[in-house]
Amino acid sequence: MRNHSAITAFIILGLTNDTQLEILIFVFLLVTYMLSVIRNLTIISLIFVDPHLKTAMYFFLQNFSFLEISFTTACVPTYLYIISSGDKMITINACFSQIFFIVLFGATEFFFLTVMSYDRYLAICKPLHYMSIMNSRVCRSLILSCWVSGFLIILPPFGLSVHLEFCDSFIDHFFCDASPILKNACSDTWFIEQLVIFCAVLTFIATLVCIVLSYIYVIRTVLRLPSAQERKKAFSTCSSHMIVVSITYGSCIFMYVKPSAKDEVAHNKGVSLLTTSIAPMLNPFVYTLRNKQVKQSFHGILKRLIFYSKK
(Lines give C-alpha, C1' and ligand atoms only; values in the text may rest on other atoms or scores of the structure.)
Protein backbone atom coordinates (compact mmCIF):
# COMPACT_ATOMS: atom_id res chain seq x y z
CA MET A 1 0.00 0.00 0.00
CA ARG A 2 1.73 3.15 -1.17
CA ASN A 3 1.10 6.69 -0.11
CA HIS A 4 3.55 9.48 -0.90
CA SER A 5 1.99 12.21 1.29
CA ALA A 6 4.01 13.96 3.97
CA ILE A 7 1.55 12.72 6.60
CA THR A 8 2.35 9.13 7.58
CA ALA A 9 -0.03 8.75 10.53
CA PHE A 10 -3.42 9.93 11.74
CA ILE A 11 -4.57 11.06 15.18
CA ILE A 12 -7.79 9.45 16.43
CA LEU A 13 -9.67 12.08 18.45
CA GLY A 14 -12.08 9.54 19.92
CA LEU A 15 -15.46 10.08 21.54
CA THR A 16 -14.50 12.70 24.13
CA ASN A 17 -11.65 14.77 25.58
CA ASP A 18 -12.94 14.38 29.14
CA THR A 19 -10.60 11.98 30.99
CA GLN A 20 -13.22 10.79 33.51
CA LEU A 21 -15.83 10.25 30.81
CA GLU A 22 -13.22 8.41 28.76
CA ILE A 23 -12.76 5.94 31.64
CA LEU A 24 -16.51 5.26 31.70
CA ILE A 25 -16.48 4.78 27.93
CA PHE A 26 -13.55 2.37 28.25
CA VAL A 27 -15.42 0.26 30.83
CA PHE A 28 -18.61 0.35 28.76
CA LEU A 29 -16.88 -0.68 25.53
CA LEU A 30 -14.82 -3.37 27.26
CA VAL A 31 -17.91 -4.92 28.88
CA THR A 32 -20.03 -4.80 25.70
CA TYR A 33 -17.15 -6.17 23.63
CA MET A 34 -16.55 -9.07 26.01
CA LEU A 35 -20.28 -9.86 26.18
CA SER A 36 -20.51 -9.73 22.41
CA VAL A 37 -17.58 -12.11 21.93
CA ILE A 38 -18.72 -14.50 24.67
CA ARG A 39 -22.33 -14.64 23.50
CA ASN A 40 -21.45 -15.12 19.84
CA LEU A 41 -18.81 -17.74 20.69
CA THR A 42 -21.43 -19.52 22.79
CA ILE A 43 -23.78 -19.71 19.81
CA ILE A 44 -20.95 -20.92 17.54
CA SER A 45 -19.97 -23.60 20.07
CA LEU A 46 -23.54 -24.77 20.70
CA ILE A 47 -24.24 -25.22 17.00
CA PHE A 48 -20.91 -26.97 16.53
CA VAL A 49 -21.42 -29.57 19.30
CA ASP A 50 -25.20 -30.13 19.27
CA PRO A 51 -26.36 -32.54 16.52
CA HIS A 52 -29.91 -31.13 16.79
CA LEU A 53 -28.64 -27.79 15.47
CA LYS A 54 -27.15 -29.09 12.23
CA THR A 55 -29.71 -27.48 9.93
CA ALA A 56 -29.17 -24.73 7.37
CA MET A 57 -30.71 -22.07 9.63
CA TYR A 58 -28.20 -22.72 12.41
CA PHE A 59 -25.33 -23.03 9.95
CA PHE A 60 -26.11 -19.50 8.76
CA LEU A 61 -26.53 -18.31 12.35
CA GLN A 62 -23.15 -19.79 13.27
CA ASN A 63 -21.45 -17.95 10.41
CA PHE A 64 -23.35 -14.76 11.21
CA SER A 65 -22.08 -14.94 14.81
CA PHE A 66 -18.52 -15.30 13.52
CA LEU A 67 -19.09 -12.24 11.33
CA GLU A 68 -20.39 -10.26 14.33
CA ILE A 69 -17.26 -11.11 16.34
CA SER A 70 -15.06 -10.09 13.41
CA PHE A 71 -16.91 -6.79 12.89
CA THR A 72 -16.79 -5.63 16.52
CA THR A 73 -13.16 -6.81 16.84
CA ALA A 74 -12.18 -4.66 13.86
CA CYS A 75 -13.59 -1.57 15.60
CA VAL A 76 -13.47 -1.74 19.40
CA PRO A 77 -10.07 -3.12 20.57
CA THR A 78 -8.12 -0.40 18.74
CA TYR A 79 -10.01 2.32 20.58
CA LEU A 80 -9.65 0.47 23.89
CA TYR A 81 -5.88 0.46 23.31
CA ILE A 82 -5.93 4.18 22.47
CA ILE A 83 -7.75 5.01 25.71
CA SER A 84 -5.59 2.76 27.89
CA SER A 85 -2.24 3.79 26.38
CA GLY A 86 -3.01 7.42 25.58
CA ASP A 87 -1.36 6.92 22.19
CA LYS A 88 -3.82 8.27 19.61
CA MET A 89 -1.50 7.83 16.63
CA ILE A 90 -2.29 5.26 13.97
CA THR A 91 -0.28 4.77 10.79
CA ILE A 92 -1.93 5.31 7.42
CA ASN A 93 -1.48 1.66 6.49
CA ALA A 94 -3.01 0.49 9.77
CA CYS A 95 -5.87 2.96 9.32
CA PHE A 96 -6.65 1.74 5.81
CA SER A 97 -6.44 -1.87 7.00
CA GLN A 98 -9.01 -1.10 9.69
CA ILE A 99 -11.30 0.61 7.16
CA PHE A 100 -11.00 -2.34 4.80
CA PHE A 101 -12.05 -4.92 7.38
CA ILE A 102 -14.79 -2.78 8.94
CA VAL A 103 -16.39 -2.07 5.58
CA LEU A 104 -15.90 -5.66 4.38
CA PHE A 105 -17.56 -7.13 7.47
CA GLY A 106 -20.29 -4.47 7.42
CA ALA A 107 -21.14 -5.02 3.75
CA THR A 108 -21.00 -8.80 4.09
CA GLU A 109 -23.47 -8.63 7.00
CA PHE A 110 -26.16 -7.23 4.70
CA PHE A 111 -25.70 -10.15 2.31
CA PHE A 112 -25.78 -12.59 5.23
CA LEU A 113 -29.10 -11.17 6.42
CA THR A 114 -30.46 -11.54 2.88
CA VAL A 115 -29.42 -15.19 2.67
CA MET A 116 -30.93 -15.85 6.11
CA SER A 117 -34.24 -14.30 5.01
CA TYR A 118 -34.19 -16.51 1.89
CA ASP A 119 -33.62 -19.51 4.15
CA ARG A 120 -36.71 -18.57 6.22
CA TYR A 121 -38.70 -18.12 3.01
CA LEU A 122 -37.85 -21.64 1.87
CA ALA A 123 -38.50 -23.16 5.30
CA ILE A 124 -42.01 -21.71 5.53
CA CYS A 125 -43.13 -21.37 1.91
CA LYS A 126 -41.43 -24.50 0.49
CA PRO A 127 -41.23 -26.88 3.50
CA LEU A 128 -41.41 -30.09 1.46
CA HIS A 129 -38.45 -29.08 -0.71
CA TYR A 130 -36.47 -27.25 1.99
CA MET A 131 -34.03 -30.04 2.90
CA SER A 132 -33.28 -30.88 -0.73
CA ILE A 133 -32.74 -27.23 -1.71
CA MET A 134 -30.79 -26.15 1.37
CA ASN A 135 -28.24 -28.95 1.36
CA SER A 136 -24.72 -28.48 2.74
CA ARG A 137 -23.22 -27.66 -0.67
CA VAL A 138 -25.76 -24.90 -1.33
CA CYS A 139 -25.29 -23.48 2.18
CA ARG A 140 -21.51 -23.29 1.76
CA SER A 141 -21.94 -21.69 -1.68
CA LEU A 142 -24.29 -19.05 -0.27
CA ILE A 143 -21.87 -18.21 2.56
CA LEU A 144 -19.00 -17.90 0.08
CA SER A 145 -21.10 -15.70 -2.20
CA CYS A 146 -21.83 -13.34 0.72
CA TRP A 147 -18.11 -12.85 1.40
CA VAL A 148 -17.28 -12.45 -2.30
CA SER A 149 -20.12 -9.94 -2.77
CA GLY A 150 -18.96 -7.94 0.23
CA PHE A 151 -15.41 -7.88 -1.11
CA LEU A 152 -16.39 -6.91 -4.66
CA ILE A 153 -18.72 -4.09 -3.56
CA ILE A 154 -16.01 -2.35 -1.49
CA LEU A 155 -13.09 -2.98 -3.82
CA PRO A 156 -13.60 -0.08 -6.33
CA PRO A 157 -13.84 2.81 -3.79
CA PHE A 158 -11.19 1.30 -1.53
CA GLY A 159 -8.80 0.75 -4.43
CA LEU A 160 -9.04 4.42 -5.38
CA SER A 161 -8.75 5.68 -1.80
CA VAL A 162 -5.41 4.05 -0.98
CA HIS A 163 -3.64 6.32 -3.50
CA LEU A 164 -4.84 9.56 -1.91
CA GLU A 165 -2.47 12.10 -0.38
CA PHE A 166 -3.42 13.77 2.91
CA CYS A 167 -3.11 17.32 4.23
CA ASP A 168 -4.72 16.83 7.65
CA SER A 169 -3.98 14.16 10.23
CA PHE A 170 -6.98 14.41 12.60
CA ILE A 171 -9.80 11.85 12.53
CA ASP A 172 -12.80 13.01 14.54
CA HIS A 173 -14.04 9.51 15.28
CA PHE A 174 -13.17 6.57 17.54
CA PHE A 175 -11.96 4.42 14.65
CA CYS A 176 -10.79 4.95 11.08
CA ASP A 177 -13.85 5.64 8.98
CA ALA A 178 -14.19 6.50 5.28
CA SER A 179 -15.83 9.90 5.74
CA PRO A 180 -13.18 11.58 7.98
CA ILE A 181 -10.40 9.99 5.93
CA LEU A 182 -11.72 11.52 2.71
CA LYS A 183 -12.07 14.89 4.43
CA ASN A 184 -8.33 14.79 5.19
CA ALA A 185 -7.36 14.28 1.54
CA CYS A 186 -5.51 17.02 -0.33
CA SER A 187 -6.94 16.11 -3.74
CA ASP A 188 -10.52 16.23 -4.96
CA THR A 189 -12.44 13.23 -3.63
CA TRP A 190 -15.83 13.94 -5.27
CA PHE A 191 -15.72 10.88 -7.53
CA ILE A 192 -14.67 8.55 -4.70
CA GLU A 193 -17.41 9.94 -2.44
CA GLN A 194 -20.03 9.38 -5.15
CA LEU A 195 -18.70 5.85 -5.70
CA VAL A 196 -18.90 5.13 -1.97
CA ILE A 197 -22.50 6.40 -1.88
CA PHE A 198 -23.40 4.36 -4.97
CA CYS A 199 -21.93 1.12 -3.58
CA ALA A 200 -23.53 1.70 -0.17
CA VAL A 201 -26.97 2.49 -1.60
CA LEU A 202 -26.75 -0.41 -4.08
CA THR A 203 -25.95 -2.85 -1.27
CA PHE A 204 -28.57 -1.39 1.05
CA ILE A 205 -31.43 -1.23 -1.47
CA ALA A 206 -30.70 -4.54 -3.23
CA THR A 207 -30.49 -6.55 0.00
CA LEU A 208 -33.45 -4.76 1.61
CA VAL A 209 -35.67 -5.44 -1.42
CA CYS A 210 -34.77 -9.14 -1.31
CA ILE A 211 -35.48 -9.33 2.43
CA VAL A 212 -38.81 -7.49 2.12
CA LEU A 213 -39.91 -9.73 -0.76
CA SER A 214 -38.97 -12.85 1.23
CA TYR A 215 -41.03 -11.72 4.20
CA ILE A 216 -43.99 -10.67 2.07
CA TYR A 217 -44.20 -14.27 0.85
CA VAL A 218 -43.57 -15.58 4.37
CA ILE A 219 -46.33 -13.45 5.92
CA ARG A 220 -48.75 -14.34 3.14
CA THR A 221 -48.06 -18.06 3.64
CA VAL A 222 -48.30 -17.86 7.44
CA LEU A 223 -51.65 -16.03 7.34
CA ARG A 224 -53.05 -18.86 5.24
CA LEU A 225 -52.23 -21.49 7.89
CA PRO A 226 -55.41 -22.97 9.40
CA SER A 227 -54.65 -22.78 13.14
CA ALA A 228 -53.42 -19.96 15.35
CA GLN A 229 -50.83 -22.28 16.91
CA GLU A 230 -49.31 -23.05 13.51
CA ARG A 231 -49.19 -19.35 12.66
CA LYS A 232 -47.52 -18.56 15.99
CA LYS A 233 -44.93 -21.31 15.49
CA ALA A 234 -44.15 -20.13 11.96
CA PHE A 235 -43.77 -16.50 13.02
CA SER A 236 -41.53 -17.50 15.94
CA THR A 237 -38.99 -19.02 13.53
CA CYS A 238 -38.69 -15.66 11.75
CA SER A 239 -39.09 -13.18 14.61
CA SER A 240 -35.45 -13.23 15.75
CA HIS A 241 -34.17 -12.58 12.25
CA MET A 242 -36.72 -9.81 11.70
CA ILE A 243 -35.59 -8.07 14.92
CA VAL A 244 -31.92 -8.22 13.88
CA VAL A 245 -32.79 -6.95 10.39
CA SER A 246 -34.72 -4.06 11.96
CA ILE A 247 -31.77 -3.13 14.19
CA THR A 248 -29.24 -3.30 11.34
CA TYR A 249 -31.21 -1.48 8.67
CA GLY A 250 -32.75 0.94 11.16
CA SER A 251 -29.27 2.00 12.30
CA CYS A 252 -28.18 2.63 8.71
CA ILE A 253 -31.31 4.63 7.89
CA PHE A 254 -30.80 6.68 11.05
CA MET A 255 -27.17 7.31 10.06
CA TYR A 256 -28.17 8.79 6.70
CA VAL A 257 -30.90 11.03 8.14
CA LYS A 258 -28.47 13.92 8.39
CA PRO A 259 -28.75 16.33 11.31
CA SER A 260 -27.44 19.89 11.22
CA ALA A 261 -23.79 20.29 10.26
CA LYS A 262 -23.01 21.24 13.86
CA ASP A 263 -24.32 17.95 15.24
CA GLU A 264 -23.30 15.68 12.35
CA VAL A 265 -20.04 14.39 13.92
CA ALA A 266 -21.66 13.53 17.27
CA HIS A 267 -24.59 11.97 15.39
CA ASN A 268 -22.33 9.66 13.34
CA LYS A 269 -20.28 8.68 16.39
CA GLY A 270 -23.43 7.74 18.28
CA VAL A 271 -24.82 5.59 15.47
CA SER A 272 -21.40 3.98 14.96
CA LEU A 273 -21.30 3.10 18.65
CA LEU A 274 -24.67 1.37 18.24
CA THR A 275 -23.63 -0.63 15.17
CA THR A 276 -20.09 -1.57 16.27
CA SER A 277 -20.60 -2.27 19.97
CA ILE A 278 -24.21 -2.54 21.13
CA ALA A 279 -25.79 -4.40 18.18
CA PRO A 280 -23.19 -7.26 18.13
CA MET A 281 -23.86 -7.71 21.85
CA LEU A 282 -27.66 -7.70 21.49
CA ASN A 283 -28.01 -9.87 18.37
CA PRO A 284 -26.98 -13.20 19.96
CA PHE A 285 -29.24 -12.40 22.91
CA VAL A 286 -32.15 -11.84 20.51
CA TYR A 287 -31.53 -15.17 18.77
CA THR A 288 -31.23 -17.17 22.00
CA LEU A 289 -34.19 -15.41 23.64
CA ARG A 290 -36.53 -16.19 20.74
CA ASN A 291 -35.22 -19.66 19.87
CA LYS A 292 -36.33 -22.64 21.96
CA GLN A 293 -33.88 -25.10 20.37
CA VAL A 294 -30.87 -22.91 21.14
CA LYS A 295 -32.06 -22.41 24.73
CA GLN A 296 -32.67 -26.14 25.16
CA SER A 297 -29.23 -26.90 23.75
CA PHE A 298 -27.61 -24.39 26.10
CA HIS A 299 -29.44 -25.73 29.17
CA GLY A 300 -28.60 -29.33 28.18
CA ILE A 301 -24.88 -28.62 27.82
CA LEU A 302 -24.90 -26.56 31.03
CA LYS A 303 -26.48 -29.46 32.93
CA ARG A 304 -23.89 -31.89 31.55
CA LEU A 305 -21.06 -29.56 32.58
CA ILE A 306 -22.49 -29.25 36.09
CA PHE A 307 -22.94 -33.03 36.28
CA TYR A 308 -19.35 -33.75 35.25
CA SER A 309 -17.99 -31.08 37.58
CA LYS A 310 -19.67 -32.79 40.55
CA LYS A 311 -18.10 -36.15 39.76
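This is a predicted model: local features need pLDDT of at least 70, side-chain atom pairs count only at pLDDT 80 or more; totals for chains, interfaces and linings use all residues.
How much space lies in the second largest pocket? About 930 Å³ of space lies in that pocket, where a volume is the space filled by probe spheres set on grid points that are joined across faces, edges and corners. Residues are numbered from 1 along each chain as its sequence is written, and side-chain values use heavy atoms, with hydrogens and water left out.

Let me begin with the overall fold. The secondary structure of the chain comes to ten helices and three strands, where helices (H or I, at least four residues) and strands (E, at least two) are DSSP runs numbered from the N terminus. Read along the sequence, these elements follow the pattern β-α-α-β-α-α-α-β-α-α-α-α-α. Of the 311 residues in the chain, 45% are buried, and here buried means under 20% relative accessible area, exposed means over 50%, and partly exposed lies in between, with a 1.4 Å probe and protein chains only.

Now back to the pocket. On a 1 Å grid over the protein atoms alone, a pocket is an open set of points with protein on both sides within 12 Å along at least five of seven lines, as against a cavity, where a 1.4 Å probe fits but cannot get out, and lining residues have an atom within 4 Å of a point. The second largest pocket is lined by 30 residues, and R120, K233, S236, T237 and Q293 lie nearest its centre. Helices α2 (56-85), α3 (92-125), α4 (130-133), α8 (228-256), α9 (264-290) and α10 (292-310) each supply at least two residues of this lining, with the largest share, nine residues, coming from α8. By class, the lining has 13 nonpolar, nine polar and eight charged residues, counting Ala, Val, Leu, Ile, Met, Phe, Trp, Tyr, Cys and Pro as nonpolar, Asp, Glu, Lys and Arg as charged, and the others, Gly among them, as polar.

Next, two of the helices. The buried residues of α7 include I192, L195, C199, T203, F204, T207 and I211. As background, an α-helix has 3.6 residues a turn, so residues three or four places apart point the same way. L202, also in helix α7, counts as partly exposed at 40% relative accessibility, and its C-alpha atom is 8.9 Å from that of I153, 49 residues away in sequence.

That leaves the aromatic side chains. A search of the whole structure finds 17 aromatic pairs, where rings of Phe, Tyr and Trp (its six-membered ring) pair if their centres lie within 6.5 Å, and planes under 30 degrees apart count as stacked, over 60 as edge-to-face and the rest as tilted. The rings of F110 and Y249 have their centres 5.1 Å apart and their planes at 75 degrees, so this pair is edge-to-face. The pair links distant parts of the chain, with F110 in helix α3 and Y249 in helix α8, 139 residues apart. F110 is buried at 13% relative accessible area, and Y249 is buried at 4%. The rings of F112 and W147, with centres 6.2 Å apart and planes at 85 degrees, also make an edge-to-face pair. F112 lies in helix α3 and W147 in helix α5 (residues 136-161), so the pair ties together parts that are 35 residues apart in sequence. F112 is buried, with a relative accessible area of 1%, whereas W147 is partly exposed at 23%. Both belong to one aromatic cluster, whose members include F96, F100, F151 and F166.
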